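Q: I am new to this structure. Please show me how to read it, one feature at a time.

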Amino acid sequence: MTNNTVAVVGAGIVGCLVAREVISRAPDTPVVVFDRDGIGTGASRRSAGLHFPRGATDRVRQMTAYSHDFYEDLAAKHPALPIHSLGMTVVATATAAQLNEVYLDRAALTPTEAVPADIRLTQGARAWHGNGCHYADVPAVAQAVARELRPHVTFREGVRVTAVEDAGSEVLIRLSTGKTCTAGRVVLAPGPWLADPAWRDLVAPLHARVKKVAAIHIEQEPRRDDGVIVFQDEDAFLLPLRHSRHWLFSYTHQEWDVDPDTVSDGLDEKVLDAALPLLHRYSPALAERAAGGRVFCDAYSADREPQVRTLDPAGRVIFAGAANGSGYRLAPAIAAEAVGLLQLDGETTQPPKEMSPA
């Protein structure tokens, strides 16, 4: 008898959207989602939740466009979700033509002299106004997706997968409870836990690495009309978190091969020494109000594109992740690509209307 069960390992935003995509395409498919902790409690819990319409490669731009439409549709159908639209100012030394190669058409970048308050332009930099941004409370969105799915999907929180083994016509999954289960196909969405012994050897050929991700909290309340300020040259941004009444400064922190089980959630000298001079360059006033922050990590691929691929010759184990700090922004597209590799039995050509991804 064919085993039609799909097991998803990881209940962050990517894992939850993989489960949703499976049910959208093949509603009768048994789906079980495992997480060593709770829904949205790993990298998703620390995510800034910023979606902006840009991508460094054609594939990432296509994934961004797909995810933009997905979240726009999701927010329209579920207006209570904590997904908040906001404007965007891009600060860069690049030309308009260069920016248009990176940003989607829907960003509609236009030059502007209206630089946000407390921001000063460095020599050679210009500002552009753009559209198409939002930020979200990522764990809350993941939990809302899980609530929607519970009539169709089994969630096993606090249950760690300790081994993923080939069992001939199916996959054997060993659990921290001492029990086992089997599935016809498995999607690994482990976030930064690439080195977990259960799948370390499977994911090693991806050559992905885990990098520390850090952001500074700024104790100044955003105004109602404040938007995200993107520092294109430095790959950094200032995000007004209106719901929590402070700003977040995210920047690229270069500390590699960290362990998600031991990396500190707290700030240290390395983080502050890297972040504060950059923030001070653009906004001395906001730098003076830096009062805390968040530190975690994420999986990064060698080519800086998300990794969605089969890990075994039979095509039963799929990896979905290594999104380079853009897990929330690209999660819908990652999920769609991953489920596309599953070759689901009874897959419908059109998903049910109430579960439509876009």
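A: We can begin with the domains. In this predicted model, the centres of domain 1 and domain 2, taken over C-alpha atoms, are separated by 28 Å.

Q: Which residues belong to domain 1 and which to domain 2?

A: Domain 1 is made of 1-82 + 137-207 + 304-353, while domain 2 is made of 85-133 + 209-300. Where they touch, domain 1 gives 29 residues to the contact and domain 2 gives 29 residues.

Q: How do I read the packing of two helices?

A: Two packed helices are described by the angle between their axes and by the distance between those axes. Here, helix H3 (residues 58-77) packs against helix H9 (residues 327-340) at an angle of about 100°, and their axes are 7 Å apart. Angles of 65 to 115 degrees count as roughly perpendicular, so H3 is roughly perpendicular to H9.

Q: Which residues make the contact of H3 and H9?

A: On H3, they include Met 63, Phe 70 and Tyr 71. On H9, Leu 330, Pro 332 and Ile 334 are among them. Sorted by class, the contact of H3 with H9 has 12 nonpolar, 2 polar and 3 charged residues.

Q: How is empty space found?

A: A probe the size of a water molecule is rolled over the atoms, and this shows where empty space is left. In this structure there is 1 cavity of 30 Å³ or more. The largest cavity has a volume of about 70 Å³.

Q: Which residues line the largest cavity?

A: The lining consists of Pro 116, Ala 117, Asp 118, Ile 119, Gln 220, Arg 223, Asp 226, Ile 229, Trp 247 and Leu 286. These divide into 6 nonpolar, 1 polar and 3 charged residues.

Q: What is the volume of the second largest pocket, and which residues are closest to its centre?

A: The second largest pocket has a volume of about 190 Å³. Its lining has 14 residues, and Thr 89, Pro 116, Asp 225, Asp 226 and Gly 227 are the closest to the centre. By class, the lining holds 7 nonpolar, 4 polar and 3 charged residues.

Q: Which strands supply at least two residues of the lining of the second largest pocket?

A: They are strand E4 (83-92) and strand E13 (228-231). E4 provides the largest share of this lining, 3 residues.

How values were computed:
Residues are numbered from 1 along each chain as its sequence is written. This is a predicted model: local features need pLDDT of at least 70, side-chain atom pairs count only at pLDDT 80 or more; totals for chains, interfaces and linings use all residues. Side-chain values use heavy atoms; hydrogens and water are left out. Axes are lines fitted to C-alpha atoms, for helices over the stretch in contact, and angles run from 0 to 180 degrees between N-to-C directions. Helices (H or I, at least four residues) and strands (E, at least two) are DSSP runs, numbered from the N terminus. Angles under 35 degrees count as roughly parallel, over 145 as roughly antiparallel, 65 to 115 as roughly perpendicular and the rest as oblique. Contact means heavy atoms within 4.5 Å. Ala, Val, Leu, Ile, Met, Phe, Trp, Tyr, Cys and Pro count as nonpolar, Asp, Glu, Lys and Arg as charged, and the others, Gly among them, as polar. On a 1 Å grid over the protein atoms alone, a cavity is a set of points where a 1.4 Å probe fits but cannot get out, and a pocket is an open set with protein on both sides within 12 Å along at least five of seven lines; lining residues have an atom within 4 Å of a point. Grid points are joined across faces, edges and corners, and a volume is the space filled by probe spheres set on the points. Domain bounds come from an automatic or database domain assignment.
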